[in-house]
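Keep the 3D view open as you read.

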Amino acid sequence: MTTQAVAAPTPAGFDPKQAHVAAQWAAERPLVCCRFEPKGRFLFCGLESADVQRFNLADGKRVAFPGGHESWVFSLAFSADGETAFSGGGDGRIAAWETATAAEVPKPVRKIEAHQGWIRALRVSPDGALLASGGNDRLVRIWETASGKLLHELKGHAGHVYSLDFHPNGKTLLSGDLLGTVNQWELPSGKLAGSFDAKPLHSYNGGQQVDFGGVRGLAVTPDGKFVAAGGLHKATNPLGAVHEPISLLFDGESRKNVRTLLADGITNGVLWGLRFLADGSLVGACGGGSGGLLIFWKTDADKDYHRFALPNILRDMDLHPDGLRIATAHYDRHVRVTRLAAKTA
Amino acid sequence: MKCTYACNSSEHLVARRGFLTGLAATAAGSMVGGLGVFASPLAASQLKSDQKRVVVFNMHGGLSQLESWDPKPGTETGGPFRAIETSVPGIRISELLPNVAKQMHHLCLVRGVNTSEDDHAKGAYMMLTGRRQSPAADYPNIGAVCAKAMAPQDGALPGHIIITPGGGGGRGNDSAYLGPKYSSIVLGNGNPPQNTTRPGQVTEVMDSARNDFRKRGNERFLSRRRTALTEAYVYSYEQAAQLMRQRDVFDVAKEPAKDHDRYGKHDFGRHCLLARRLLENGVTFVQVSHSNYDTHNENFNFHIEQLGEFDISFATFVADLADRGMLESTLIVVLSEFGRTPNINLYYGRDHWSRAWTVVMAGAKVQRGLAFGKTNEKGTEVVDGQVDHANLFHTYLQAVGVDSTDTFDIEGRDVPLADPASKLIKPILA
């Protein structure tokens, strides 16, 4: 569920403590996911509907992209040049779209029946050649971005695949699942190189007889030193949304858990997404009974150093290529853009 | 309402005759009463061919009708799942039930259920008793009613069994004025009834001697005083002795390995297979609970998980009963305490909704391949064929040939089997 942008130098004015909502736009249904287009022109969203939504960042103009899916859109990604958008649906389908199309009613340029069940994660490799998808069929599939040709089918998850991220070196793909396993795949061979143990993010509740949790956020630092896996823990009542947010920080090389990042006092929440920021800190998008929050951690401390409360519960998050703006998808039918800098006049 | 009769009813007189007959037939048998007479293969075979049975699948917590029997894909309330075709043209159900869809020609969807009760305990009570809960009266569960109205009075096995997902066991407190004889025997996690193995330190000879002593004492006591409770005590002993002899009936491990595979290697699969085994062995009423559907949070994830189990096991169960010729004599019911809200909440959850939801029936006199009743486009209200818990309760009984307008004789008082102010859903019975 994450897209880790390549790190840029810390942008001028960058200061999470000055975070503020710089823009917000309404859609007709509650939002599910959001992604910035790499050139920074558009913000794409998935709603509780089958249409993809495109917002123009300059003016907020919204265009619906229908006809790609027969279910909600759970995941989005873009080709490296930003010219092609990919959406992954609950119908197991990947739809490809012309990102900047001027058509009033855009049509998908390609549809791939990619998985049995939901596609919760899509990710394009740093060189743009590969598109990875993760499905409820417990598979990770690697596609040729340009043609949609299936290149690899990666088997090794025992639960639904929840999240994906490419290592910045482009030679490694990470995939996280419901049961708290993060697999590390070598590319181009598709060989399973090892796993990160993120099992604290999963629990089985015997009373309610449900598996719950999962690796909902996954991010790698630009230098590959750290891998962060986020989600929830202390799920005392999974069916009643009682759980707390948590992120596990791993050493990227040894795959050992080096730190547990907590958010004291947030008694109802889950991390739906994680991103490493230009200054090396980590931001988590937390949604739940405690509201919608951006939570900021340094990698050398267990506790967060800052929180920014958004007006409504959130469900996804992405970082703009400028390193300053964060988009969040909200239940109240709005997508919001938060700027990590002081307000401008 | 307690069952405190000092027994002179014809039922109990018959039971007593059976008692004595059985005692004579089994000579030095180890129990008082007539259960032994029905333990003979001939009688059991006769029972099997004549007996009607009921099995209830209780989707504990409140199954979402929108993710199962009454999908509304593409609407604001529909959620992310698609609807799929079934074996009955024109009837579509959720894509989470692909195997059940292939058995739709056996099923009847009652899509217009409105029970107007969003509380778990009250809703469950209504659905299992056919009555609204009242401080003035307590009513027996459907299992107790079936056991009394349908089970052979001297049946060798209990007539009312509940298979629960968790552990535990013992007897339920669910027979109200029908008396403890008809209360459920609970098979915690599908395990055989509790305390049905002879303790290791008690030899067979010792066990027989102490049972003989107990029988003599019972007979002496019963010759002078007889109440529902004393009868229940005697019956319990007799039943326990039978259970000890027939413990294998409860041992699902005796079923072929390939059937375990077909039903799914999880608790619910095992419980469904056990239900089949119990019904085949002549148990009148079996309830299987599947937990948990109270999905205020992440309704869709949890329905993928739960219905993934239900779909395979339930579809296999229905197909097996049909293949084995048992569907004509067995009523299948899938119910919950209520449905779930069409509105999707901020946690991707659905809350309690009793105004428009679905109950499924199959077998016995129920029409096959039917969708009765209709909800509106968003699934918020019933627009055709509205029924409630009381209508359903009448229909369950009528489907297995029990006149639901009849009465039980309780201490000389006529007590209706089902709510006399209500009636059956006639169009769904053949």
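The largest pocket holds about 800 Å³ of space. What's a pocket here? On a 1 Å grid over the protein atoms alone, it's an open set of points with protein on both sides within 12 Å along at least five of seven lines, and lining residues have an atom within 4 Å of a point. Points are joined across faces, edges and corners, and the volume is the space filled by probe spheres set on them. Of the 27 lining residues, Asn136(A), His160(A), Ile304(B), Glu305(B) and Gly308(B) sit closest to the centre. Helices H3 (98-101) and H10 (299-323) of chain B each give two or more residues to this lining, and H10(B) gives the most, with 5. Helices are DSSP runs of H or I, at least four residues, and strands are runs of E, at least two, numbered from the N terminus.

By the way, this is a predicted model: local features need pLDDT of at least 70, side-chain atom pairs count only at pLDDT 80 or more, and totals for chains, interfaces and linings use all residues. Residues are numbered from 1 along each chain, chains are lettered from A, and hydrogens and water are left out of side-chain values.

Now for the place where the chains meet. There, 33 residues of chain A are in contact (heavy atoms within 4.5 Å) with 28 of chain B. Together the two chains bury about 2500 Å², meaning accessible area (1.4 Å probe) lost on being put together, summed over both. On chain A's side, Trp72(A), Gln209(A) and Leu239(A) lose the most area to chain B.

Methods:
On a 1 Å grid over the protein atoms alone, a cavity is a set of points where a 1.4 Å probe fits but cannot get out, and a pocket is an open set with protein on both sides within 12 Å along at least five of seven lines; lining residues have an atom within 4 Å of a point.
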